[in-house]
Amino acid sequence: MKKYYLYYVLIYGGLGAFIPYIVPYLDGALNLSASQIGIITSVPSIIGILVVPLWGIITDVTKQDKKILGICVAINCVIMGMYSSVKMFPILLLVATLAEAFRYAISPLADNIATDYCKHNNVNYGIIRSGGSVGFALISFLTGQLIKVTSNSRIIFLVYITLFIVSLLVLPFLNSKNYDEEEKMETSTLKKDLKELLKDKSYLWLLLIVISTISISEVTNAYQGLYLIELGASQGDIGTLVIFTALPEIFFMAKINKLVLKYGYKNVFKIGILTFLLRWITCLFASSPTMFIITAPLTALAFSIMLVAYIGYIKEKFSSEIQATALTITSMAIGISSSIIKLPVGLGIDVFGLKILYIMSIAITFIGFIVCMLKKEKSDEIKL
């Protein structure tokens, strides 16, 4: 189990060195406008998400999951090396798109291998996956300190590439997934399952709530580094912010099921939405970096509530035959909607300033609260 845990530390550690700092890098080192940053952080992500099923098909056909994962990691490292040296916006957009097309395949492929190992060895996947949270938070913090010491924001690419290369050394020690006929047959039902889901009002209700909360949190995460810097912090302080945001998730994730058992899904969703609203309001009126950072655990709490609750809701509400499709479609909807929202947010920041980020977040999250309230109590009494 330790080698799987280490693999997640390395992969998500690389992401922790890159994701929180890429927007400040594009703004500070390359002097891109917020609108251009919105394009760079949204269009490549949409392409990356859309090609994820293709990687799944390639893996299912070849049965070479570790080889495909290794190829994606290696090619992504090469492209990221190019990313660090490109300055012209059109070429930057092309390189970022190529990087995302390979990067978005990495987590699902790693999850595929890890969950299969857990299934056949009676291991708790949550423990292995927590390595990702630890790696993301700690490496993000250390990267921030490196930026402070070196005054070189391009170091994010060096840390990212180094950790991904080390992960290639660990990969051969992981077990390949065991494929069986049952799993092959499940892929053929995707179209039918999707049609069934889109006819289900309770799923559409859930989808609207998740998009108006988790998707919005991903948008704010993309720009929060810029907001923190505007409050007077340095790029190095972004790592401290990530520590306050990511590490509490490890504690919160384990407690949410108890809330669902006690209050039911609808009430737990309301708690999560109200927690997000409280966080966005504190961000909007934050007067110092310290205030912004110490209230960051609210994001961790809200995100943990919404993530655990929506997965539990799908597991409880829908038949086992359709659960995998529901989870896949929901995950893709979160990724695509957050990427699309980044475009108008970037334009809004250019026109109105960074505070528009949290004004829009409050408005959209409040719409999610209204949608949540519209759910009839009778069909909402579902508990784990």
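Buried is taken here as under 20% relative accessible area, exposed as over 50%, and partly exposed as in between, with a 1.4 Å probe and protein chains only.

I am working on a predicted model, in which local features need pLDDT of at least 70 and side-chain atom pairs count only at pLDDT 80 or more, while totals for chains, interfaces and linings use all residues. Residues are numbered from 1 along each chain as its sequence is written, and side-chain values use heavy atoms, with hydrogens and water left out.

**Cysteines.** I looked up Cys118 and found a relative accessible area of 6%, so Cys118 is buried. Cys283 has 1% and is therefore buried as well. A disulfide is a covalent bond between the sulfur atoms of two cysteines. I counted one wherever a pair of cysteine sulfur atoms lies within 2.5 Å, and the count came to zero.

I then placed Cys283, which is found in helix α12. Helices are DSSP runs of H or I with at least four residues, strands are runs of E with at least two, and both are numbered from the N terminus. With contact set at heavy atoms within 4.5 Å, and residues up to four places away in sequence not counted, Cys283 touches Tyr227, Phe292 and Tyr358. I also checked Cys283 against His120: the two are 163 residues apart in sequence and 44 Å apart in space, C-alpha to C-alpha.

**Threonines.** Thr282 also lies in helix α12. Its relative accessible area is 15%, so I list Thr282 as buried. Leaving out residues up to four places away in sequence, Thr282 touches Met291, Thr295 and Leu298.

Thr365 is found in helix α16, residues 355-373. At 0% relative accessible area, Thr365 is buried. Its side chain reaches the backbone oxygen of Ser361 at 2.7 Å. I take a polar contact as a pair of N or O atoms within 3.5 Å; within protein, one must be able to donate a hydrogen and the other to accept it, and residues adjacent in sequence count only if both atoms are side-chain atoms. On the same exclusion of residues up to four places away, Thr365 touches Ser212, Thr213, Ile216, Ile273, Phe276, Leu277 and Trp280.

**Aromatic pairs.** Rings of Phe, Tyr and Trp (its six-membered ring) pair if their centres lie within 6.5 Å; planes under 30 degrees apart are stacked, over 60 edge-to-face, and the rest tilted. I get 22 aromatic pairs by this rule. For Tyr203 and Phe318 the ring centres are 5.9 Å apart and the planes at 75 degrees, so I recorded the pair as edge-to-face. This pair links distant parts of the chain, 115 residues apart: Tyr203 is in helix α9 (residues 201-230) and Phe318 in the loop between α14 (297-317) and α15 (320-352). Tyr203 and Phe318 are both buried.

Tyr265 and Tyr313 are another edge-to-face pair, at 5.5 Å centre to centre with 90 degrees between the planes. Tyr265 lies in helix α12 (residues 265-284) and Tyr313 in helix α14, so the pair ties together parts that are 48 residues apart in sequence. I found both Tyr265 and Tyr313 buried.

I also noted one aromatic cluster, formed by Phe18, Tyr25, Tyr83, Phe157, Tyr160 and Phe164.

**Charges over rings.** The criterion is NZ of Lys or CZ of Arg within 6 Å of the ring centre and within 35 degrees of the ring normal. Arg103 lies over the face of Tyr104, at 5.0 Å from the ring centre. Arg279 lies over the face of Phe292, at 4.8 Å from the ring centre.

**Helix spans.** I took the expected span as 1.5 Å times one less than the number of residues. Helix α6 has 16 residues and reaches 23 Å from first C-alpha to last, close to the expected 22 Å. Its buried residues include Phe157, Tyr160 and Phe164. Helix α10 (residues 237-253) has 17 residues and reaches 25 Å, close to the expected 24 Å. Among the buried residues of α10 are Pro248, Glu249 and Phe252.

**Backbone.** Most residues other than glycine have a negative phi. Lys63 has a positive phi, near 60 degrees, and lies in the loop between α2 (34-62) and α3 (65-83). Lys63 is partly exposed, at 31% relative accessibility. Ser151 has a positive phi of about 55 degrees and sits in the loop between α5 (125-150) and α6 (155-170). With a relative accessible area of 66%, Ser151 is exposed.
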